[in-house]
Amino acid sequence: MRFKDLDIISMKDFSRDMIDHILDTAEKLEPIANGEDKSGILNGKILSLLFFEPSTRTRMSFETAIKRLGGDVLSLGAVDASSIIKGENLTDTIHVIEGYADAIILRHPKEGSAKMASEISSIPVINAGDGAGHHPTQTFLDLYTMRRESRLDGVKVAITGDLKYGRTVHSLCYALSLYNADITLVSPKELRMPREIIRDLKNRGIEVKQTDSIEEAIQNVDVLYVTRIQKERFPDPAEYQRVSTSLQITAELLKNANPELKIMHPLPRVNEIDPDVDFTPHACYFRQSFYGVPIRMALLSLIMGTVE
Ligand code: CP
């Protein structure tokens, strides 16, 4: 397996062996991620952050990962304070940054933008979310969370929320198909998973179940993966209003859940998980957001060739 100089664009580009190697590397790096150990694995490396959409976790966990490994962060900063505001296009921006940094970490609202950037860039590009497309580094940390907190091989998972526009769940379903997962989708009909993704999963040997009963799903699964209904992705604000309150996980609802159930969420949440759930043993979404640090450490070290 060769990771040096690899672009990280879509989960479809990764085999199970490659994913397992990334998760194993993250596990070894976890004591550095939580500050117990020190490391200079990224000494002398400059990693650039280009975020054209808001982010808290992805941007800050990449920054933490780089700093914990002794690397330097080069950030475009706020788009409004850059020359994008003067009309500079993404192609020119990428060509400029490749002269300054050793890798580009890109979040952009346009689906396909990370792929386009990787095709013109001489340095590796990591997709940190491209519109409603893919968010592979989130998927790696989701898989790591399942392996760490529940199980990954053969995991029974119910996925709920915005399955139509949610890039995190699209990437996650492709990855789970490599681990013989049992997948149940729970959503209102307006937010169902796109048919082409269900068809792709079927072609990979995964029969996906669909239901609108969350109560039924949580009795039988290991993991409930909740996502936010993303107001910013709806072309029609009236459609958002119709579905925005269709789902809320509460501690009361969880009384009949599998006692071992783990609840994950890529965050940010709005009102789909009631704060009273935070105090139940089911909640693992804040640990999940921490796991973004060892995962992003692993990805950066592997593509920089400083670990193998
Ligand atoms: N999960 C996630 O991508 O969060 P941010 O949008 O805050 O980066």
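In this predicted model, a backbone N or O atom of Leu267 lies 3.0 Å from a nitrogen atom of the ligand. The protein covers 91% of the 260 Å² of accessible area that the ligand has on its own, and the space that the ligand takes is the largest pocket. The protein itself is divided into two parts, domain 1 (11-134 + 291-303) and domain 2 (137-288), and each of these domains supplies at least three residues to the shell around the ligand.

**Shell around the ligand**

- The residues that surround the ligand are Ser55, Thr56, Arg57, Thr58, Arg107, His135, Gln138, Pro266 and Leu267.
- Sorted by class, this shell consists of five polar residues, two charged residues and two nonpolar residues.

- On the side-chain side, an N or O atom of Thr58 is 2.7 Å from an oxygen atom of the ligand, while a polar side-chain atom of Gln138 lies 3.0 Å from a nitrogen atom of the ligand.
- Leu267, by contrast, takes part through a backbone N or O atom, which is placed 3.0 Å from a ligand nitrogen atom.

**Domain arrangement**

- The C-alpha centres of domain 1 and domain 2 are 25 Å apart, and the contact between the two domains takes 32 residues from domain 1 and 30 residues from domain 2.
- Domain 1 is made up of two sequence segments, 11-134 and 291-303, whereas domain 2 covers 137-288.

Notes
Residues are numbered from 1 along each chain as its sequence is written. This is a predicted model: local features need pLDDT of at least 70, side-chain atom pairs count only at pLDDT 80 or more; totals for chains, interfaces and linings use all residues. Side-chain values use heavy atoms; hydrogens and water are left out. A residue is near a molecule or strand if one of its heavy atoms lies within 4 Å of it. A polar contact is a pair of N or O atoms within 3.5 Å; within protein, one must be able to donate a hydrogen and the other to accept it, and residues adjacent in sequence count only if both atoms are side-chain atoms. Accessible areas come from the Shrake-Rupley method with a 1.4 Å probe; for residues, only the protein chains shown count as cover. On a 1 Å grid over the protein atoms alone, a cavity is a set of points where a 1.4 Å probe fits but cannot get out, and a pocket is an open set with protein on both sides within 12 Å along at least five of seven lines; lining residues have an atom within 4 Å of a point. A molecule sits in a cavity or pocket if more than half of its atoms lie within 2 Å of its grid points. Ala, Val, Leu, Ile, Met, Phe, Trp, Tyr, Cys and Pro count as nonpolar, Asp, Glu, Lys and Arg as charged, and the others, Gly among them, as polar. Domain bounds come from an automatic or database domain assignment. Contact means heavy atoms within 4.5 Å.
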